[in-house]
Amino acid sequence: MTARAAGVLLLATLALTSGRARADDAAPARAEYWVDFEAGKVELDPELKLLALSEHVTIRVDRYRLTSERLTLRRTARGVELDGTGRVAFCRCPNAPVSFGFSRAIVAPPTDLFVEDATLRIDDVPVFWSPILWLRSPDRVGLLAPRVAWRGADGLLVGSGVHLPLGGRRGATLSALDVFGAGYLAGGVDLETRLTTPATTTKVRWDHLQHSLLSVDAHGSVAGRTGAVGAFRVDAIRGARGLEATRELEPATRRFDHARAAVGTSGGGFVGSFGAIGIGRRGDAIDAPAALGPLAGLGFGTALGAGASLDGFVHGGTLAERGEASISLVSEHTTLRADTGLGPLSLAVVFDQDASFWGREAASAGAVFAGARAALGLPLVRVFGDGPDPVVHRVEPLADLGVRVLERRGQTSAPAATFDELNASRVGLASLGVRSALGRRGAREAIELDARAGSVGELGADAPRPAAAALLAADGEWMGASTETAAGHDVEQELHSSARLRVGRVDGLHLSSYVAGSLANEPVSARALVTDHFGAPLTSYLDRPGWSAGTRLGVPWTRVLSTELGADADVTRARVLAWRAAIGYRHPCGCFSVLGQTGQRLGREGVDAEVTLDLMP
């Protein structure tokens, strides 16, 4: 049969059998899949189960596109064999920039492709040859793309990996284990495993070059059929090479490793959990001791009529480090909240109580906080526009009064760092302020402001201690911002501020930046003006006085090409903490993508650079 044709062929028709099948023969299940083809000449031989295509042949199988001047297709037990020279691309576009030449190929359902004499070509230029290439779908075992990187002073790193599917469907439901192995040209190895399931992600990396690094980043949760839920979180970097070989700035600056796992269940307004916790110093030796122990918790919450609620929790645990005496800790918190209206006014009353107890051998200590707070406001609301989702502006001037008492026992320092005025046995709070919100009820775009000014300090002191604080949040398609600022009575010494700003769409041209820091003293007490609670200790945000800032610029130059630049700096000491740059290209047809990254951070010698090629993005 000859014809100039363009059509669709069901490859199951190539599985024609000779002879007559008996009625009692079991018919094996066969996965049928469609192949689009175009050819100037088609010859079909049913007896030999053979199909010959010639003259500008184009075959499309799943995401692959094969082209040739002459191909012979034969159905076998392994799939459909294609004899003849040609090219295969990873997308259906007619001019794919990356392709493989072949002399013979086998299409195996659903998407596996075996290629003999594979020649990688960039446009028409051959750059790599392999006697055989096996392309596999994500739900099949296969090799991962090669990894080539320059790791600062450590030098060149080259390797590859293996993809091991563990079950589930394709996409987000596929569970898989990826194992990467790479070697340093200077001598050394970098091994990494990534286990992903629909509910968990676990990444383990071991890097050895004279010294070792072991890092674990794992998190996830699993729900049982009985209603019980298990969750875990591990964030640890260990080894003499741990901090030095960590390329990212933020993980390298954390002081402690944390690991926690718990199982919990709920019912009747209560939530109970039991698990274990581990804490260690980041960068310690891999076999260095860490504080480990069990923990348990019980939480509750209930509504007490209209506008009132009661909730709280109690946690307890024991930590023991090898060679050291164990320490036991118990913490408890309860909040009673009530909201009501007094004519045009609103009244919110909160009772807070917080207690912490800890002990080691014969020594013990504890602290109990209790506070009451009342805010009286005048909510004013105006609606702009008609329709189902108008713009609503809410303004609420308010007055706020609070008092807190503190009782301590023992000489052990409190676990929460607080300032002297909050450590006093009786602390008072008084402020005037305004809360405002502007936005649409049905949209995520809104602007919110909470600003207060007043006094927080020890009751009975000779003079009140002025304080002010403000919160601002804005979320929109073209802009996002958040800031918190607090100032104490000595503005030249007591000022804290943290702010984030984004200008532009997240998926378009955008600039994002942040700044955070404080003067000589962080005004922790002033932050109590804009917190919901007053009967619990407030902790410092910062490790030390000073200011840091960072920025990131993302530029999508075209639909397929984008770049990103970023940097972090210690403003106080006038030094760059880290910088990074990236450029990404994704072919319009999606047949491949390239990502190039480079950067440097303080505490790590040299510049890091890496290029990643993905032939199946």
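How many helices and strands does the protein chain have? The protein chain has 3 helices and 36 strands, where helices (H or I, at least four residues) and strands (E, at least two) are DSSP runs numbered from the N terminus. The model is predicted, so local features need pLDDT of at least 70 and side-chain atom pairs count only at pLDDT 80 or more, while totals for chains, interfaces and linings use all residues. Residues are numbered from 1 along each chain as its sequence is written, and side-chain values use heavy atoms, with hydrogens and water left out.

**View 1. Overall dimensions of the protein chain.** The C-alpha trace spans about 105 × 70 × 60 Å along its principal axes. The radius of gyration of the protein chain is 33 Å, whereas a compact globule of 617 residues would have one near 25 Å; the radius is taken over C-alpha atoms, and the globule rule is 2.2 Å times the number of residues to the power 0.38. Of the 617 residues, 35% count as buried (buried is under 20% relative accessible area, exposed over 50%, partly exposed in between; 1.4 Å probe, protein chains only).

**View 2. The largest nonpolar core.** This core has 33 residues, and those with the most contacts inside it are L53, I59, L66, L73, L82, V88 and L113. At least two core residues come from each of β2 (34-39), β4 (50-61), β5 (64-76), β6 (79-89), β7 (98-108), β8 (112-122) and β9 (125-135). A second, separate core of 14 residues includes A424, V456, V524 and L538. A nonpolar core is a set of buried Ala, Val, Leu, Ile, Met, Phe, Trp, Tyr and Cys residues joined through side-chain atoms within 4.5 Å.

**View 3. K203 in strand β14 (residues 200-209).** K203 is partly exposed, with a relative accessible area of 34%. Leaving out residues up to four places away in sequence, K203 touches E192, T193, R194, S215, V216 and D217 (contact means heavy atoms within 4.5 Å). The C-alpha atoms of K203 and V234 are separated by 9.8 Å, with the two residues 31 apart along the chain.

**View 4. Positive phi at Q210.** Q210 is a residue other than glycine, and its phi is near 70°. Q210 is found in the loop between β14 and β15 (211-223). With a relative accessible area of 71%, Q210 is exposed.

**View 5. Positive phi at A574.** Although A574 is not a glycine, its phi is about 55°. The loop that holds A574 runs between β33 (561-570) and β34 (575-586). A574 counts as exposed, at 69% relative accessibility.
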